[in-house]
Amino acid sequence: MSKTNVIPQWLLESDVSDFQVSRAKVNKNRKSFIEKTLAQLSDTIQNEFLSEIYAKKDGLLQKLDPRVKFVSFVLWIGFATLTGNITVLVVMYLSTLLLLFLSKLPILKFLKRIWVFMPVFTALMVLPAVFNFIVPGEPLWVIYQFKQPTHLFGLQLPELLAVTRQGVKAGVMLILRVSISVSLGLILTVTTPWARLMKSLHLIKIPGIFITMLDMAYRYIAVFVNRSLEMFEARKTRTIGQLTYSSNKQFVSNAIGALFLKSMHFSENVYMAMMSRGYTGQVETLYPFKLSKLDFGWICSIILFMTLLYIVS
Amino acid sequence: MDNGAIVFELNNAVYSYLDGVPVLNNINLQIKQGEKICILGANGCGKSTLLKILCGLIFPTSGEFTAFGEKITEQKLENDDFSKKYHKKVGFIFQDSDAQLFCGSVWDEIAFGPLQLGLGEREVRNKVEDIIHMLNLNAIRDRAPFRLSGGEKKKVAVGSVLVTNPEVLILDEPTNGLDPKTQRWLVNLLIQLNKAGKTIITSTHNLELVQEISDRIIVFSEEHQIVADGPTHQVLDDKELLINVNLIDEYYHKHEGTHSHYHIHNY
C-alpha cells in the first residue's frame, strides 16, 4: 500500500481531554446578525410563503379568481394614490383590515409586519415634509420662534420653525397610501398560490420574460438562503472559541463570493434543464381559470365601493 | 440488443473550456437504438460533459457529433423548431434535482415539457395525470418541489422527463443520494423502459447498479479518453482496467455468479 493512504497514528488514538463547560466563562451562544437574519428569512420563506399556508385557508379572497383579485387590487391601489381625501383613505385602510379578517389571516401578525417597517421607511421620508420650510401653511405646533432672521449655510431660515397642518396632512396621507398598497400587495401574494398568481399575470399580458424572472427568483431564493445558511453552519461546527470581527468580515465576504459563483453555476444548469425540456425562450402555460358567481359579486361590490368613495371625496 | 439504427455518433470529438484543457479528448463512439449503456469513470473524467453533448446542450469544440442521422451543430439547435424536436427525442435527468425542478408545483413541473412542445390542453392534462398515477405522486401533486424529499424530487424529475416520451433517456448519476428502495424502483423502471425499446444511457459510480442497467459499458480514463467499450460482464471482469482508471482498488471483488462488492480487509 502506498504511504499516502496510511492513516496517521494520532488519528487512531482517542482524544481524552475533559468535556466540561469552563466555569470562568459561560457565554450565551450568540448568533451573528447575518446568521440570525438568514435563519429567520429561511424560516419565513419556507413556512409562510412556500408552504402557502394562508392560500390554503378557506377565506373570501382565497376563493376569488386570481385575475379578478389582481386587477381589483391594482385599481384599489390606483384609487388610493389619486384620492386627496384623508377620510376616504382611512376608510380604504380600514377595509383592507376587513379583508384580512374575511380571508382568515392573522390580523395582528400582519399589522406587526407592516407597521414595523413603515416608520423606518416611510415615516422617516415624510418627516421633513411636516415642517413649514417644506410645506408652508397654518402652524399646528410651533417649535421655535427666531428673534431675528437667521442664516444657516447661506440659507435664510424662516422666522418660525413649526409643524404645519398641511404638512401633517400630506405626511399622514402618504403613510396611509403606502400602508394600503403594502397591505394589499401582501394580502394578494399570501392568499393566492404562487403558480396561479403567475398565470394570472400571463393572462393580463404582462411580458413572459418578466414573469419567468419573477417566478425563478421566487423559486430559487429558498434554495440559496438554505445554501448560505449551510455555509454558516458548516463554519460554526469547525469554529472553536470566539472569532475576531475582521475574520468574521472576511468570512462573510468570502461567503458572498462563493454564493455568487455557485448561483452562476446553478443558473447554467437550470437553463440547460429548461432547454432539455423544450424551452426556447417562451414559457407555455395552461389557464385553468373560470369566473364564478363570487367573482362577479366581488367585481360589483368593488365598483360600488369605489363609486361611493368617489362621491364622498 | 445491438441491431438497432445508430442514434448517436461521435467522431474525434473534443470538448475543452476556455483555458484549453480538454474535458473530452478525441472521443469516437456509436450508440444504437435500444441499447442500455453505462458510462463509467472516476470523478471529473468528463462523463457529465459527454452526456450534455448527447443531449444537445453543449457542442464539441472540434470533431463531429451526429444524432439520428443528422449532424448536430449549435446553429441547428438555435432553430426553435429543431431544438424542440430534438429535445422531445432525448430526455435528460440531471444529477441535481433542484436544478431540474424549477416550477412552482409538481403538477406544473410535469406539465412544463408537453406545454413547451405545443401539445393541446387536453393531451397535456391526460399525460400529466398518467405520469402522476404511474409514479404515485398524487399526494404531492400541488406541493412546491422545494419542499420534497430527495427521493420525491428524483421521482418528479424522472416524471417531468418521461412525460414527453423521449426515445433516448440520459441519466447523470441517477441514484446519488437515493435510499435503497427508491434506487430499486428506478432500476426497475429503467429496465422496463429499455424493454419497450428506449435507449438508456446512464453515468454512474455504482458498480452494483451497472450490471442491471447496462449491457454495454464505456469506460473513461482520468485523461478524458475512452479506454474500454464492451459488454458489461467483460468490462467488469477486467479488474486491472478498473483499477487503472481509478474507479476501484484492489479490495473490490466478485462473488461467483452473484454480485460484486467491497470487503473491509484487515490492514
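User: How many residues does the contact take from chain A and from chain B?

Analyst: It takes 32 residues from chain A and 36 residues from chain B. Keep in mind that this is a predicted model. Contact here means heavy atoms within 4.5 Å.

User: What do chain A and chain B bury between them?

Analyst: About 3000 Å², with 60% of it on carbon and sulfur atoms. On the chain A side, Arg219(A), Arg277(A) and Leu286(A) lose the most area to chain B, and together they account for 28% of what that side buries.

User: What makes Arg227(A) and Asp96(B) a salt bridge?

Analyst: The cut-off is a Lys or Arg side-chain nitrogen within 4 Å of an Asp or Glu carboxyl oxygen. Here the closest N and O atoms are 3.8 Å apart, so the pair passes under that rule. The rule finds 2 salt bridges across the interface of chain A and chain B. As for polar contacts between the two chains, the count is 6 residue pairs, both residues being at pLDDT 80 or more.

User: Which elements give two or more residues to the side of chain A that touches chain B?

Analyst: Helices H2 (33-50), H8 (194-203), H9 (208-237) and H10 (245-275) of chain A. By class, that side has 17 nonpolar, 10 polar and 5 charged residues.

User: Why does the pair of Lys89(B) and Glu167(B) tie together parts that are apart in sequence?

Analyst: Because Lys89(B) lies in helix H3 (residues 80-89) of chain B, while Glu167(B) lies in the loop between H7 and S7 of chain B; the parts are 78 residues apart in sequence.

User: What is the order of the 6 strands that form an open sheet in chain B?

Analyst: The order is S6-S7-S8-S3-S9-S10, and the pairing is mixed.

User: Why is one side of strand S6 and of strand S10 of chain B left without a neighbour in the sheet?

Analyst: S6 (90-93) and S10 (226-231) of chain B each have a single partner strand, so they stand at the edges. Neighbouring strands of this sheet are turned by 15 degrees against each other on average, ignoring direction. Helix H7 (residues 150-162) of chain B packs on the sheet, touching S6 and strand S7 (168-172), and its direction makes about 170 degrees with that of S6(B).

User: How do you know that strand S9 of chain B pairs with S10(B)?

Analyst: Pairing needs at least two bridges. Strand S9 (residues 216-220) of chain B has 5 bridges to S10(B), and the two run antiparallel, so they count as paired. Val219(B), for one, has Ala228(B) as its bridge partner.

User: What about the open sheet of 4 strands in chain B?

Analyst: Its order is S2-S1-S4-S5, with antiparallel pairing. S2 and strand S5 (70-71) of chain B are the edge strands, each pairing on one side only.

User: What joins strand S1 to strand S2 of chain B?

Analyst: 7 bridges, with S1 (residues 6-16) and S2 (residues 22-32) running antiparallel. Ala13(B) stands opposite Ile27(B). S1(B) and S2(B) form a hairpin with 5 residues between them, and Gly20(B) in the turn has a positive phi of about 85 degrees.

Methods
Residues numbered from 1 in each chain as written. Chains lettered and ligands numbered in written order. Predicted model: local features only at pLDDT ≥ 70, side-chain atom pairs only at ≥ 80, totals over all residues. Heavy atoms only, no water. Axes fitted to C-alpha atoms, helices over the stretch in contact; angles between N-to-C directions. Buried area = accessible area lost by both parts, 1.4 Å probe. Polar contact = N/O pair within 3.5 Å; in protein donor to acceptor, adjacent residues only side chain to side chain. Nonpolar A, V, L, I, M, F, W, Y, C, P; charged D, E, K, R; others polar.
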